[in-house]
Amino acid sequence: MDGIWISGFADEISSDFDEQLATVTGLGMKYISLRSADGKNVADYTPEEVEERLLPRLKAAGVGVSSLGSPIGKIAVDDAQAYEKQLGQLEGLCQICKLLDCRYIRIFSFFMPEGQDPERYRDQVLEKLRGFEAVAREHDVVLLHENEKDIYGDTAQRCLTLLNEVDSPHLRAAFDFANFVQCGEDPVRAWELLHGYVAYIHIKDAVSSSSENVVCGAGEGHIAELLKRAIREEGYQGFLTLEPHLVLFDALQSLEQKAASDVIKENKAKDGADGYRMQYQALVGILEKI
């Protein structure tokens, strides 16, 4: 399909980078979202390490990088020390983007104190996001805000607030269907609010009854309906990035506040490669119908 490229968080296949690339190329895919490789998060790599250890393997496999799946912004909103550290990490990630000919870095909008109204922290979140945006602007990189559970921008309305207020081409939305379902949001309404800002789409589905992730198209994310609308009616062009969350994978615990077994209660595939393959095939089926 012209203007549409399938990518994916390949660390859900395996922590081993060579296994990630072998599975991806075996499916005929040409892109990954680089979140972790060889058990190390992309934010912990230096540009020199990426150039020496990862870039040659990507080139040999003929695989490009659609985005850096960074943990930037996945810290407590009032943790000043962690924020300063992440500003430094973001500088390095922007340099890694240039090395990998990659335009996008996925970010978040900070964990909220438990039991507190997120609106109390609106100005603080905006100030910190503007700090991230300034770094991205300097390097001509686009930050992709993901609507994640338990952060300020978990609801569509608060995502819209952030995007409207920062008002920068260097801050766009990564639309995640499953996360909206798991936050009790209607993905259709969320798309209607945010589609003008969406520059990247995560392919992840879920059911509200158990908050479990399921194969795309089998849950309540309205993925087929919204992809058809985005591509056929609104002219979306860009990446559709697999994030299956169908089996427990090595990097999961470092990505979540909860225990990994609370996020993925039971494996729905025999291993990471199988779950990745299932998600890819389900997405291809949806696109064929579109």
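Biologist: At what angle do the axes of helix α2 and helix α3 cross?
Modeller: Keeping in mind that this is a predicted model, the axes of α2 (residues 47-61) and α3 (residues 80-100) cross at roughly 30° and come within 10 Å of each other. Angles under 35 degrees count as roughly parallel, and α2 and α3 are therefore described as roughly parallel to each other.

Biologist: And what is the handedness of the crossing of α2 and α3?
Modeller: The crossing of α2 and α3 is right-handed.

Biologist: Which residues meet there, in α2 and in α3?
Modeller: On the α2 side they are P47, V50, E51, L55 and L58, and these meet G92, Q95, I96, L99 and L100 of α3. Taken by type, the residues of this contact divide into seven nonpolar, two polar and one charged.

Biologist: Switching to V42, where does it lie, and is it buried or exposed?
Modeller: V42 lies in the loop between β4 (40-41) and α2, and because its relative accessible area is 1%, V42 counts as buried.

Biologist: What does V42 touch, leaving out residues up to four places away in sequence?
Modeller: With those left out, V42 touches L34, R35, S36, L68, G69, S70, L93 and I96. For S70, which is 28 residues from V42 along the chain, the C-alpha atoms of the two are separated by 6.5 Å.

Biologist: Now helix α1, which of its residues are buried?
Modeller: In α1 (residues 17-26) the buried residues are F17, Q20, L21, T23 and V24. They cover an arc of only 165° around the axis, so they sit on the same side of α1.

Biologist: What covers those buried residues of α1?
Modeller: The cover includes β2 (31-34), β3 (36-37), α2 and α11 (272-289).

Biologist: Last one, which residues of α8 are buried, and which exposed residues does the face turned away from them carry?
Modeller: The buried residues of α8 (residues 223-233) are I223, L226, L227, A230 and I231. These cover an arc of only 120° around the axis, which puts them on the same side of α8, while the face turned away from that buried side carries the exposed residues R232 and E233. Just after α8, G235 takes a positive phi of about 75°.

Terms used
Residues numbered from 1 in each chain as written. Predicted model: local features only at pLDDT ≥ 70, side-chain atom pairs only at ≥ 80, totals over all residues. Heavy atoms only, no water. Axes fitted to C-alpha atoms, helices over the stretch in contact; angles between N-to-C directions. Helix = DSSP H or I, 4+ residues; strand = E, 2+ residues; numbered from the N terminus. Parallel < 35°, antiparallel > 145°, perpendicular 65-115°, else oblique. Left-handed = near helix turned anticlockwise from the far one by under 90°. Contact = heavy atoms within 4.5 Å. Nonpolar A, V, L, I, M, F, W, Y, C, P; charged D, E, K, R; others polar. Buried < 20%, exposed > 50% of the residue type's maximum accessible area, 1.4 Å probe, protein only. Arc of directions from axis to C-beta.
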